[in-house]
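Notebook open, viewer open. I'm jotting things down in the order I look them up, starting with charged pairs and then moving on to packing.

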Amino acid sequence: MNESKCPVPREQQPTNEFIELSKSIIFSWPKTKKSLILILIKFWLGAFVLFLIISSGSVYFKTSLLKYILLSFFSSLSIPLLISVRLYLGWNHVFRRLTSERVEYEESGWYDGQVWIKPLVLKEKESLIASVEVKPILKNLIQIFSIILFLGLSGILLFQYNNF
């Protein structure tokens with residue numbers, strides 16, 4: 001943005017927010033779907049081991065090894081689920097700011113919020129960034145989120161309706 005015409009502070013401009021989010025270590029994971037899946041699987045396996053250790057102290061699960069392993073397997077899905085939700089919320093915030101016609105900003109604190117209407121050229125540029133860069137990331141996150149939810153819900157149904 002042209003600094004002389006734009007009253008929005010540099011760090012609150014949507015394009016700069018996108019660049020900062022892209023440079024972030026955690027938020028750069030969804031740039032490619034394969035890398036995000038591998039990272040989430042690593043977190044899932046780490047959580048699985050942790051949940052195995054935690055649930056090993058339960059007297060109830062000492063009678064059924066299968067329940068013990070399955071409960072740890074399905075409950076460890078909560079960690080990748082929380083990570084994917086956090087990634088989605090961050091990227092969705094930037095997507096909304098990029099596609100919005102107005103930029104809400106604060107000059108010096110939370111009490112002096114202002115609204116600036118984007119010029120057409122900037123609106124088109126940021127809309128292009130949103131559709132080419134951010135929208136595929138959101139699509140991948142929704143797909144991964146859906147898979148994790150499906151696995152989690154199938155685990156709940158398995159425990160609810162089976163006596164093993």
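**Entry 1: charged pairs.** I started with Lys-123 and Glu-101, whose side chains form a salt bridge at 3.6 Å, N to O. The two sit in distant parts of the chain, 22 residues apart: Lys-123 is in helix H5, while Glu-101 is in the loop between H4 and E1. Lys-123 comes out as partly exposed, because its relative accessibility is 26% and the buried label needs under 20%.

How many salt bridges does the count come to? I get three. Another one joins Arg-97 to Glu-17, with the closest N and O atoms 2.9 Å apart. Arg-97 belongs to helix H4 and Glu-17 to helix H1, so this pair ties together parts 80 residues apart in sequence.

Glu-126 has 0% relative accessibility and counts as buried. Lys-118 is buried as well, with 6%.

**Entry 2: H1.** Glu-17 sent me back to its helix. Seven of the ten residues of H1 are buried, so the helix is largely enclosed by the rest of the structure. The buried set is Pro-14, Thr-15, Asn-16, Glu-17, Phe-18, Leu-21 and Ser-22. What do they pack against? I find H4, strand E1 (102-106) and H5.

**Entry 3: nonpolar cores.** The largest core holds 25 residues, and Phe-18, Leu-36, Leu-87, Trp-91, Leu-98 and Val-134 have the most contacts inside it. Helices H1 (14-23), H2 (33-55), H3 (65-75), H4 (78-99) and H5 (120-161) each give two or more residues to this core. H5 supplies the largest share, eight residues. I then noted another core lying apart from it, made of six residues, including Cys-6, Val-8, Tyr-105 and Leu-122.

I clicked on Trp-91 to list its contacts. Skipping neighbours within four places in sequence, Trp-91 touches Phe-18, Leu-21, Ser-22, Phe-27, Pro-30, Val-134, Ile-137, Leu-138 and Leu-141.

**Entry 4: H3 and H2.** In H3, the buried residues are Lys-67, Tyr-68, Leu-70, Ser-72 and Phe-74. They pack against H2, H4 and H5. To follow the H2 side, I took Val-49, which lies in helix H2. Val-49 counts as partly exposed, at 45% relative accessibility.

Ile-37 is found in helix H2 and is partly exposed, with a relative accessible area of 33%.

**Entry 5: confidence.** Confidence is lowest in H3, at a mean of 85, and highest in H4, at 96. My reminder for later: where pLDDT is low, the predicted coordinates should not be read in detail.

Terms used: Residues are numbered from 1 along each chain as its sequence is written. This is a predicted model: local features need pLDDT of at least 70, side-chain atom pairs count only at pLDDT 80 or more; totals for chains, interfaces and linings use all residues. Side-chain values use heavy atoms; hydrogens and water are left out. A nonpolar core is a set of buried Ala, Val, Leu, Ile, Met, Phe, Trp, Tyr and Cys residues joined through side-chain atoms within 4.5 Å. Buried means under 20% relative accessible area, exposed over 50%, partly exposed in between (1.4 Å probe, protein chains only). Helices (H or I, at least four residues) and strands (E, at least two) are DSSP runs, numbered from the N terminus. Contact means heavy atoms within 4.5 Å. pLDDT is the predictor's confidence in each residue, from 0 to 100. A salt bridge is a side-chain nitrogen of Lys or Arg within 4 Å of a carboxyl oxygen of Asp or Glu.
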